[in-house]
Amino acid sequence: MKFFITGGAGFIGSNLADEVIQRGHKVTVYDSLVTGHESFIQHHFGSPNFQLVKADVLDVSLLEKSMEGHDVVVHFQANADVRGGIHNTRVDLEQNTIATYNVLDAMRKHNIKNILFSSSATVYGEPEVFPTPENIAPIQTSLYGASKYAAEAMIQAYCEYYGMRSWIFRFVSFIGKRYTHGVIFDFIKKLHHNPSTLHILGDGQQRKSYLNVSDGVNAMLTAFDKANDKTNIFNLGHHEYMNVVDLADILCAELGLQNVNYTFAGGSRGWLGDSPFVHLDVSKIKSLGWMPQKSIREGVIDTIQYLQENNYLFEYRD
Ligand SMILES: NC(=O)c1ccc[n+]([C@@H]2O[C@H](COP(=O)([O-])OP(=O)(O)OC[C@H]3O[C@@H](n4cnc5c(N)ncnc54)[C@H](O)[C@@H]3O)[C@@H](O)[C@H]2O)c1
């Protein structure tokens with residue numbers, strides 16, 4: 001099959017591209033490299049099974065032209081910065097919702113029937129049920145979550161109108177190889193600047209679930225193989241969760257730092273729209289035979305080691 005991967009030079013997209021090529025399929029990565037990296041995909045350059053189109057999803061004519069002839073679209077491209085919407089109220093609408101519309105309409109024009117979509121646990125806002133199942137009716141608490149939820153809804157409508165099928169994945173925080181943003185990244189960056197103090201957003205008691213990217217990619221491909229509804233919605237997370245202070249303790253131990261003074265911004269949320277507890281019910285994806293292979297602790301340690309070996313990544317993000 002021919003896979004068209006938007007955002008395929010990013011953290012999660014490049015890991016999925018590797019796995020899909022490994023399984024014998026052809027891949028086109030469509031990515032502007034705004035937050036992605038050529039270094040994440042350059043090992044495929046020159047392969048007849050791989051093509052990179054360096055372009056923007058908002059460039060509709062180029063997107064449509066590039067998508068022709070593919071069987072499956074995996075749509076990872078997004079503004080993946082969950083906090084930015086409060087300062088720039090257009091970014092999530094444009095980069096997440098309108099961009100998804102562009103992808104869907106290009107699929108319609110080329111009669112491409114399959115889409116896998118990277119949604120987020122953020123669409124649950126602050127749910128009252130834990131672990132949170134797929135079938136609750138959430139209230140949105142962030143523009144990022146709202147833009148993903150709107151994108152999900154548009155995908156469902158396109159499936160209804162045009163005979164497409166979709167696999168919609170609500171991710172917890174992914175960690176692991178090629179991780180470039182998130183709490184571990186922020187903490188290491190802060191500790192590089194000042195190894196004696198770590199400023200933690202919120203009260204440090206926020207509990208979050210994390211999933212290793214290799215487990216996440218395998219879950220996506222398991223669902224694509226085995227789930228056959230018109231629209232298939234899956235939580236992708238871990239049965240475990242960890243609080244932020246425990247994560248900071250692991251990090252300091254791995255970096256060999258002792259007696260780091262934690263200071264707290266206060267409040268139970270890291271930022272407006274942050275959910276103090278993210279723990280998704282993953283029984284639906286597990287019922288297809290999938291299980292995470294790594295504990296959260298193992299995944300966190302792998303991620304720290306990866307970032308230490310790939311220090312250059314800290315040059316790119318604030
Ligand atoms: N990382 C996580 O923990 C997490 C959690 C929930 C959901 N998600 C979602 O998963 C997807 C992938 O996230 P990621 O962590 O790999 O992020 P990422 O920033 O590494 O990947 C996004 C990719 O899209 C590309 N891109 C962005 N805007 C573009 C545009 N307008 N045109 C073309 N390319 C563009 C970037 O260059 C990058 O390669 C995103 O949709 C994100 O919202 C991620």
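A crossing of two helices is called left-handed if the near helix is turned anticlockwise from the far one by less than a right angle, and right-handed if clockwise. Keep that handy for the first view. This is a predicted model, where local features need pLDDT of at least 70, side-chain atom pairs count only at pLDDT 80 or more, and totals for chains, interfaces and linings use all residues. Residues are numbered from 1 along each chain as its sequence is written.

**View 1. Helix α2 passes α3 in a right-handed crossing.** Helices (H or I, at least four residues) and strands (E, at least two) are DSSP runs, numbered from the N terminus. The axes of α2 (residues 60–67) and α3 (residues 91–110) come within 9 Å and cross at roughly 45 degrees. That makes α2 oblique to α3. Axes here are lines fitted to C-alpha atoms, for helices over the stretch in contact, with angles running from 0 to 180 degrees between N-to-C directions. Angles under 35 degrees count as roughly parallel, over 145 as roughly antiparallel, 65 to 115 as roughly perpendicular, and the rest as oblique. On the α2 side, look for Val-60, Leu-63, Glu-64 and Met-67; they meet Asn-102, Ala-106, Met-107, Lys-109 and His-110 in α3. Contact means C-beta atoms, placed from the backbone, within 7 Å.

**View 2. Domain 1 meets domain 2.** Domain 1 covers 2–174 + 210–236, and domain 2 covers 176–209 + 240–315; these bounds come from an automatic or database domain assignment. Their centres, taken over C-alpha atoms, are 23 Å apart. In this view, 37 residues of domain 1 are in contact with 31 residues of domain 2. On the domain 1 side, α6 (213–226) is one of the elements that supply at least two residues, and α6 gives the largest share, eight residues.

**View 3. A shell of 28 residues sits around the ligand.** Gly-7, Gly-10, Gly-36, Ala-78 and Ser-118 come nearest. A residue makes the list if its C-beta atom, placed from the backbone, lies within 6 Å. At least two residues each come from α1, α3, β5 and β7, and α1 gives the most, with three.

View 4. Phe-130 and Pro-131 are joined by a cis peptide bond, with omega about -10 degrees.

Terms used
Two residues are in contact if their C-beta atoms, placed from the backbone, lie within 7 Å.
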